[in-house]
Amino acid sequence: MIDAVERVTGRIRFSQDASLPGMLHAAAVRSVVPHGRIARIDTAAALEVPGVVAVVTGEDLRRLPGLRPVYGPQIEDQPVVALDCVRYVGDIVALVAAETLQAAQEAAALVAVECEELPAVFDPLEALEPSAPLLHELEPERPHEGTALYFGIRPQFGTNCCNLFRIRRGDVARGFAEADLVIEETFRTPAIQHVAMEPHAALALWEDGRLTVWSGTQTPFNTRQILAEIFGLPVERVRVIVPPMGGSYGCKVFPRIEPQAALLAYVTGRPVKFVLRRDEEFVTLTRHATVVTIRLGLTRDGRITAKEVRAYWNTGAYADCGPDVARKGGFGIVGPYRIPHVAVDSRCVYTNLPPAGAFRGYAVTQAAWASESMMDIAADALGLDPLEFRLRNLLRDGETFATGETLHDVHFAECLERAAAAIGWEGPWRHELGDGRVRAKGLAVVLKGMTTPSRSEAKVGIDRSGRVTVYSSTVELGQGARTVLAQLAAEALGVPYQEIRVVDPDTARTPFDNRTTSSRSTYMMGNAVRQAALALRERLLRIAAERLEVEQADLELMDGSVRVAGAPASALKFGELVEASRQEALVEHGEFRNQGGLDPDTGQGIASSHWHQGAGAVEVEVDTRTGKVTILHAHASVYAGQVVNRHTAELQNLGNIVFGLGSALFEELVYEQGQLVNPNLSDYLIPSFLDLPERMTHDLVERPGAEIHGLGETALPTIPAAVGNAVARAIGARVTELPLTPERVLRAIRARGGERG
Amino acid sequence: MAEFAVVEPGSVAEVLDLLARYGEEAKLVAGGTWVTLVLRQGLLWPSLLVSLRRVSELAGIAVDEAGNLRLGAMARLRSVETLPLVRERLPVVAETCRQVANVRVRHQATVGGNLCDADYASDPPALLAALGARVVAVSQRGRREIAARDFIVGHYQTVLEPDELVTEVVVPALPPEVGAVYLKYRTRSHEDRPCLGVAAVVVPDRDGRLARAEVVVGAVAERPQRLPEVLEGVAGRALDDATIAEIAERYAAGIEPLSDLRGSAWYRTEMIRVFVERALRVARQRARWEGGRS
Ligand SMILES: Cc1cc2nc3c(=O)[nH]c(=O)nc-3n(C[C@H](O)[C@H](O)[C@H](O)COP(=O)(O)OP(=O)(O)OC[C@H]3O[C@@H](n4cnc5c(N)ncnc54)[C@H](O)[C@@H]3O)c2cc1C
């Protein structure tokens with residue numbers, strides 16, 4: 001990585017390190033009830049605390065002229081500060097700005113909030129009952145105003161469903177009628193948290209009616225847009241600068257604390273910094289808990305005739321990007337299979353829990369948990385090898401997916417076969433070691449879409465010193481974006497990538513990009529950078545050809561100069577060429593788009609301009625006396641198309657395996673009446689190095705001449721599903737709910753009538 | 001966080017003086033890994049933090065003439081884990097400390113702090129109880145020794161008075177024929193606190209029978225659990241699989257476990273049975289057993 005030395009010597013200035021002279025510190029007052037009407041807020045004691053400059057409540061917010069107090073990327077349902085209602089334990093009721101963080105936090109603790117409690121609902125199925133309390137009154141006239149909407153949204157008005165995404169392909173009734181066997185099962189996953197090492201951090205500054213925000217966000221342009229709307233400004237008067245981040249995994253997708261920091265800065269006229277504490281992180285964004293029911297029609301010879309899915313995504317108190325999660329999960333849950341009759345109803349549902357949003361794997365982890373578990377149940381019911389059963393049904397090149405789109409560059413079977421071979425699938429799938437210990441193997445294969453439609457732009461420039469600079473709004477969050485983009489520019493220009501400067505995203509300096517999400521950046525932004533770099537190369541060649549009075553075709557780029565091929569003496573340095581053009585710098589622009597979209601009522605169209613494809617395989621050992629699962633070997637095979645940087649690509653695969661095993665074995669947010677029971681890292685555990693499998697292997701499946709395929713998330717969703725399948729094989733019983741805690745596994749063993757003490 | 005002063009006295013006498021003067025207003029800080037958490041959560045409002053960092057007389061680890069291992073209250077768990085002296089004399093003590101938390105915490109956390117925070121989900125207390133260790137507490141009123149098994153009395157509660165300081169923990173030597181083990185069982189990450197931990201010590205007599213057994217189960221209730229009636233009942237018997245199974249069964253039946261995120265009460269009962277049995281088997285294997293192993 002180009003910033004490796006800065007990183008390990010602690011010289012990178014992360015979002016959390018941003019500071020300005022005269023800056024105030026923010027703290028939030030949060031709701032302690034899951035649902036309530038605010039009766040009274042007493043800020044007097046808080047304002048007495050020395051150093052406190054402002055305490056802002058919903059009432060203050062409403063009194064500020066020209067402000068739009070509610071925002072949201074897809075549905076505008078989230079107040080900057082609670083207006084009349086609180087909707088979850090952790091909802092922001094008031095904001096404090098003070099000279100010191102300590103004063104701000106002390107004052108926040110002194111704000112007295114009186115609430116009339118309202119009935120609350122936590123389960124998505126209960127939330128859809130007619131008697132359930134409504135969290136929001138969505139209106140048909142203004143159902144969805146969010147600016148990050150690139151798809152049709154279908155709220156069910158008068159209910160807590162904020163989006164219903166459907167796929168209707170073929171006729172499932174006919175498909176089930178044609179089946180020899182119909183099976184049905186329900187699967188669940190819990191909410192979990194991203195636990196990025198660096199918490200959310202933002203610094204807001206107002207100057208002459210312009211707002212500048214430094215923030216660790218994966219979405220600088222969406223954040224700029226939303227801030228402009230809140231404060232009634234043209235977007236040019238809002239600037240979002242993104243320093244490198246200490247991790248995100250989706251938790252910093254869309255504004256999360258920027259509106260609050262900006263509001264306090266607006267009210268106080270001073271720069272305001274807002275950094276969340278770890279316990280606040282836990283109630284700020286989570287991964288959607290899900291309930292998914294699948295019905296599958298099968299023929300005796302192992303074909304799938306029909307698939308019917310009802311999926312419920314618990315999005316918590318605010319929609320955030322839940323509507324899109326329900327949509328992407330809605331087609332992800334079909335799986336990479338050839339199924340003539342498909343019906344999916346995927347619902348995003350409000351409840352009185354912390355909001356859920358983007359999370360590495362984006363809906364596919366939950367989708368694969370259900371659909372890939374179901375594939376093994378089906379194989380068992382048919383008495384088929386789960387590998388063979390999948391291979392018979394996997395989509396091949398040129399076949400049609402449930403959305404009606406034809407898939408190209410298809411490698412599901414290859415990924416799956418490689419993964420299976422890596423763990424020795426041909427050997428016994430299960431064997432007993434004695435003493436109640438059993439080993440078994442499991443597989444899973446997934447497809448994952450990439451944001452479609454979307455757009456990335458980049459600029460690449462050379463100044464008079466010959467220095468190459470890449471201007472890109474792709475965010476560095478530890479994945480190595482700067483390195484990979486520098487490499488792609490370097491390749492086109494014939495300079496070492498280590499010498500290329502990559503400018504941090506800054507909406508005033510770096511061109512537009514949708515966002516750094518959905519594993520799209522190396523492909524989308526990579527292509528934009530490559531285009532810009534190639535245009536720049538052309539320009540350099542043109543100028544050099546003129547100066548050297550030779551044909552462009554006779555020239556080559558080498559070590560920061562252009563020369564007649566094979567004639568080092570003729571070399572003109574890049575800087576000289578810039579000077580010769582009488583410019584300060586030569587800058588070229590590149591743009592890359594993908595096109596498509598789905599009809600929200602039928603799910604037909606183009607879901608993804610190309611597909612992320614991967615398979616996972618694991619061998620586990622289960623102690624059937626305790627239910628404890630140990631992963632002995634985990635392997636991920638991921639389609640990469642063309643690898644740009646082998647080292648960072650490998651780290652993505654390995655990181656995804658680690659993430660996946662946390663989800664598989666123990667990560668779970670536990671709520672009691674809406675109150676999070678484990679908002680800290682002693683009670684909420686993530687994998688440590690000692691939790692890694694004895695063997696962790698992977699491969700990057702490449703094809704000469706292929707497009708770059710993103711792989712920041714692909715391996716993750718395969719792991720929990722593969723572990724679940726291996727455990728089911730080991731114990732002869734199915735655990736349908738994540739995580740696979742020893743207690744759940746032991747209960748499943750006992751329910752089957754197995755092993756006792 | 002609360003406003004407080006911090007002092008760093010250099011001797012036990014100074015510490016005792018401060019404790020006598022400030023009483024419950026003062027809070028001792030050993031490794032600080034627990035104190036910091038509760039301060040930050042606003043669960044503790046002391047006016048004075050008394051750091052033991054500079055009290056070097058508390059940091060020793062030694063073996064006395066009688067062969068007892070003396071662990072200073074300020075000995076870091078990581079030192080206990082790695083010191084050859086401990087590994088040779090009482091490997092089970094090193095083995096237990098190695099299983100606490102993670103290496104970062106162990107570098108900081110101390111023997112005294114671990115006992116005194118009296119968290120139900122800790123590892124060393126069960127082992128120290130099973131080994132018959134004694135906790136030495138001093139105050140300006142005098143010095144007393146408390147059996148480790150009586151030291152923790154409830155959730156975050158010990159028998160200590162506010163003016164008392166733990167100076168050391170004395171672990172008696174184990175005769176070579178004795179078998180001792182601590183099994184920690186985690187249900188989540190490897191860095192987790194225990195779902196339960198079982199310390200087992202078996203002492204064979206000359207005829208290859210069980211002279212004495214100690215079994216203490218940690219992390220299942222508010223304090224480490226020891227069932228004297230079960231232990232007394234098996235003395236003099238052969239330590240065969242049947243006896244082991246019986247002890248395990250009676251421990252499972254005799255303890256009323258709590259529920260937490262690491263396991264429900266039902267699950268803990270099941271695991272007490274499994275791990276008491278496993279611990280006793282390992283202890284038997286480690287003991288120099290002469291027959292009686294049918
Ligand atoms: C992330 C994490 C994971 C952990 N996991 C485990 C685990 O798996 N197993 C386990 O056993 N433990 C675990 N612990 C607990 C840890 O091992 C320490 O025992 C504990 O945090 C306290 O040790 P300390 O020395 O830091 O004590 P401190 O925090 O300094 O003090 C703890 C308490 O003891 C009092 N005290 C300290 N020394 C004395 C003394 N000499 N005399 C009288 N009172 C005293 C203090 O006043 C305070 O009340 C974990 C802790 C953390 C933070």
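Start by selecting domain 2 and domain 3 of chain A: their centres, taken over C-alpha atoms, are 39 Å apart. The bounds come from an automatic or database domain assignment, and to colour them you need 286–403 + 410–451 + 599–751 for domain 2 and 454–594 for domain 3, with domain 1 at 23–118 + 197–247 + 251–282. Now show where domains 2 and 3 touch: 17 residues of domain 2 are in contact with 16 residues of domain 3, contact being heavy atoms within 4.5 Å.

A note before going on: this is a predicted model, in which local features need pLDDT of at least 70 and side-chain atom pairs count only at pLDDT 80 or more, while totals for chains, interfaces and linings use all residues. Residues are numbered from 1 along each chain as its sequence is written, chains are lettered from A and ligands numbered from 1 in the order in which they are written, and side-chain values use heavy atoms, with hydrogens and water left out.

Next, pick A:T452 and A:P453, joined by a cis peptide bond with omega about 0°. A:P453 sits in the loop between β21 (437–449) and β22 (454–463) of chain A; helices (H or I, at least four residues) and strands (E, at least two) are DSSP runs, numbered from the N terminus. For another cis bond, jump to A:L738 and A:P739, where omega is about -10°. This time the loop holding A:P739 runs between α18 (718–731) and α19 (742–751) of chain A.

While you're checking backbones, click A:D409, which has a positive phi of about 55° without being a glycine. Look for A:D409 in the loop between α12 (386–393) and α13 (412–422) of chain A. Most residues other than glycine have a negative phi, and most peptide bonds are trans.

Then select helix α17 of chain A, residues 646–665: its 20 residues reach 29 Å from first C-alpha to last, close to the 28 Å expected at 1.5 Å a residue (1.5 Å times one less than the number of residues). At its N-terminal end, A:N645 is the cap, with a side-chain oxygen 3.1 Å from the backbone nitrogen of A:H647.

Last stop: which residues lie nearest the centre of the second largest pocket? Select A:K628, A:V629, A:T630, B:R186 and B:H190, from a lining of 32 residues. Elements giving two or more residues to this lining include α17 of chain A and α12 (265–286) of chain B. The largest share, five residues, is from β32(A).

Definitions and conventions:
A polar contact is a pair of N or O atoms within 3.5 Å; within protein, one must be able to donate a hydrogen and the other to accept it, and residues adjacent in sequence count only if both atoms are side-chain atoms. On a 1 Å grid over the protein atoms alone, a cavity is a set of points where a 1.4 Å probe fits but cannot get out, and a pocket is an open set with protein on both sides within 12 Å along at least five of seven lines; lining residues have an atom within 4 Å of a point.
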